[in-house]
Amino acid sequence: MRVENRENVSEIKIKGRNDINPEIQFTGNWFIDAGILGFIQVMEDVYELPNDINDLIVYLNKFSDHEIKDLIYYAYLVYNIKKTSLKFLSRTQLKKGKKISLETNEKFTKSKIKIKKAINFKKEYPNEILSLQTDEMNKKILNYNELIKYEFRKNFDLFNKDNFLKKTFSNNKKTSIEKIDFIGLIFEEQFFQNLYFLNTSVNKKNNEMKVLDIFYDLIYNLNVKKEDKTIDRKIFDKTISKFMFSVEGFSNVFYGKPTNLEDLNRIIVNPHIFLLCFPFPFLNISKWEYRKNIFFYTPNLNVCYKINKKLKKKIDSIWSDTGLSIFKLTWSIIIDEISELNSYFTLENMYLIEYEGISQQALLNVEYVGIPKLQATIILDDSIRLSLNSNLQIKGDKTGKNSEWVWVLEEFIKNRPLFIYIIKNVILRINKNTSQKAIKPILYSLSVDAKIKSLGKNTKGDIFSRYFSLELEDVVFQIKESYKLMNLASKNVSNLFSQNKKEKITHNLISAMKRQNKHVFVNIFLKSFLELSQKDPNLVKHLNNYIFNNIIQNEENWQNYALAMIVGLL
Amino acid sequence: MESKKSNTLLSDDLWKIKKYTNNVFKKVGSDNYRQKIAYKLLNTAKISNQSEFFSILLRALNTQKTDYDVKKLAEKLQEIYPLTSKNFENVAYSIIMGIMAVKSDGGN
């Protein structure tokens with residue numbers, strides 16, 4: 001019966017593309033592309049495939065549309081059974097109490113290791129799976145499912161009998177054994193709770209075959225919904241993606257005919273497969289109160305794959321130990337990778353997509369963070385990037401008590417003004433409340449900030465000119481030039497004044513800066529020049545010109561140039 | 001629109017004012033005199049006292065009123081006068097910096 005059904009499906013012509021091999025390649029639509037990456041992840045986890053991503057794509061593209069469905073039918077279920085089982089295993093804990101001896105604890109740890117061994121299967125060869133009939137495939141899946149259940153019972157039963165197992169499932173009313181006994185296929189995915197076959201009333205003990213039937217119908221016939229005369233069964237709505245509206249709940253959103261999965265064939269063949277794999281590339285990060293699912297997207301499959309893989313490795317190894325800001329960790333990896341390729345096209349088309357979790361079937365706090373073109377251009381310059389890639393203390397004291405730090409690159413990527421952080425850091429330096437001494441990051445941040453301020457001013461009221469301006473290519477050069485100016489001014493100020501004089505005027509200058517009063521600022525400096533008994537006329541001449549050109553005549557960003565002079569007094 | 005125009009003009013003129021002042025004070029007095037006058041001007045500019053500022057300046061220029069650069073400077077000041085408080089400060093500091101630049105430019 002099943003096999004017949006499958007043949008029927010192959011007869012359906014999907015807009016004449018049925019005989020064409022599905023091309024596994026990025027579409028430029030992040031939503032579908034995340035699914036493609038998830039699909040690759042599932043395939044890699046279950047099958048023995050080429051290691052190199054390019055070879056892997058070529059290899060997968062050799063399979064026909066029909067074969068891909070066969071492969072994913074098996075892989076998807078096995079992958080999720082494994083994933084869910086591992087989740088169940090990690091959630092299984094002993095009750096905290098005096099009764100439990102060290103010995104029991106040790107036994108429990110050993111049992112966990114045994115179960116983990118049973119869950120981790122040996123990878124299959126795709127051709128072996130393709131040679132199986134659907135019934136045989138189902139048998140294989142169910143055997144694996146039963147084996148895990150058996151191992152759970154065998155290894156945890158003792159603890160369960162002694163009432164040692166903690167109730168950590170279904171709002172703390174069930175132990176893992178009770179959960180295993182209740183569920184059919186060990187498959188839980190928050191993202192697809194709306195899918196019929198994952199509904200707890202369907203996916204229950206002794207109902208495994210029905211679950212497989214419904215899933216089969218979804219993979220081969222694209223039927224997302226239950227049979228119902230009023231609704232298109234192939235509908236593309238919240239059932240298959242949390243990012244969409246529900247067709248029943250928001251019927252008035254769809255003014256015309258609601259989109260169905262076959263319509264998506266315009267973008268990619270077998271869209272439902274990729275939609276089903278959508279959540280997998282998201283990295284789940286949770287530590288203390290922090291909960292995030294993140295995914296980095298860039299329209300280049302190769303780069304996207306590599307970055308997400310690297311990210312996963314690093315997050316597993318570094319983050320748990322160091323407690324580094326996740327933002328810093330992720331963007332550092334991205335920027336390192338991209339600057340190696342020296343491609344601002346990729347950088348400016350890169351998005352960090354994150355959501356906190358799923359509650360009552362809705363995504364929480366979804367956020368898209370990208371790098372604007374201007375920032376991407378600037379970051380690709382090595383010396384600027386290295387200088388911005390530093391932490392600045394903005395609060396607290398030398399002992400580190402109540403201290404607060406910012407990562408300059410992060411603020412820059414987020415398009416926030418840097419000046420406010422630099423002035424805070426400079427004030428800490430003046431009051432000797434920080435041990436930070438490096439000047440270069442401060443001066444580079446000031447010149448970058450100055451440039452962005454002046455660009456913002458020039459393109460006021462003209463949204464797009466910033467992105468199409470030819471001047472953009474000159475930006476890096478201009479930033480470096482203004483850095484040179486600031487650096488020289490800062491050095492000259494430092495050489496001109498004695499330590500005593502420096503300390504005397506610094507506080508007045510900072511207070512003039514805070515009040516945004518440039519004339520008071522200039523007044524203090526000019527008076528100090530006059531009061532010098534011995535002065536190098538060349539230094540005074542240079543500073544005189546610097547003040548006239550960059551402060552007196554400058555309304556846009558004089559503060560940046562002025563602060564660079566104060567830096568010379570530190 | 002009008003204010004934008006006057007702002008651009010002013011920003012262009014600041015450089016000229018500084019240059020003319022510099023040329024004038026190359027020929028006026030000693031280092032000590034220039035230092036003294038710059039100090040006085042800085043004090044009046046600080047409190048935005050326009051009349052006192054120009055009084056000090058014009059008294060200093062009066063001794064050289066037939067000089068070409070003095071005429072040019074006077075013309076420029078006449079052209080941009082009257083000044084808003086903000087513009088006055090910009091003009092005042094350009095003049096002061098013009099005076100202070102004399103020594104380093106190798107004046108008397």
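Predicted model: local features only at pLDDT ≥ 70, side-chain atom pairs only at ≥ 80, totals over all residues.
**A cis bond in chain B**
- The peptide bond leading from B:Y81 into B:P82 is cis.
- Its omega angle is near -5°.

**Positive phi angles in chain A**
- In chain A, the loop between α9 (208–221) and α10 (271–276) holds A:L222.
- A:L222 is not a glycine, yet its phi is positive, at about 65°.
- A:L222 counts as buried because it has 24 C-beta neighbours inside 10 Å, and 20 or more are needed for that label.
- A:N270 is also found in the loop between α9 and α10 of chain A.
- Phi of A:N270 is near 60°, again a positive value in a residue other than glycine.
- With 22 C-beta neighbours inside 10 Å, A:N270 therefore counts as buried.

**Where chain B meets chain A**
- On the chain B side, 19 residues are in contact with 16 residues of chain A.
- Three helices of chain B, namely α1 (2–26), α2 (31–46) and α5, each give two or more residues to the side that touches chain A.
- The most comes from α5(B), which gives 10 residues to that side.
- Sorted by class, the side of chain B that touches chain A has 10 nonpolar, 5 polar and 4 charged residues.

Note on methods: Residues numbered from 1 in each chain as written. Chains lettered and ligands numbered in written order. Helix = DSSP H or I, 4+ residues; strand = E, 2+ residues; numbered from the N terminus. Buried ≥ 20, exposed ≤ 12 C-beta atoms within 10 Å, placed from the backbone. Contact = placed C-beta atoms within 7 Å. Nonpolar A, V, L, I, M, F, W, Y, C, P; charged D, E, K, R; others polar.
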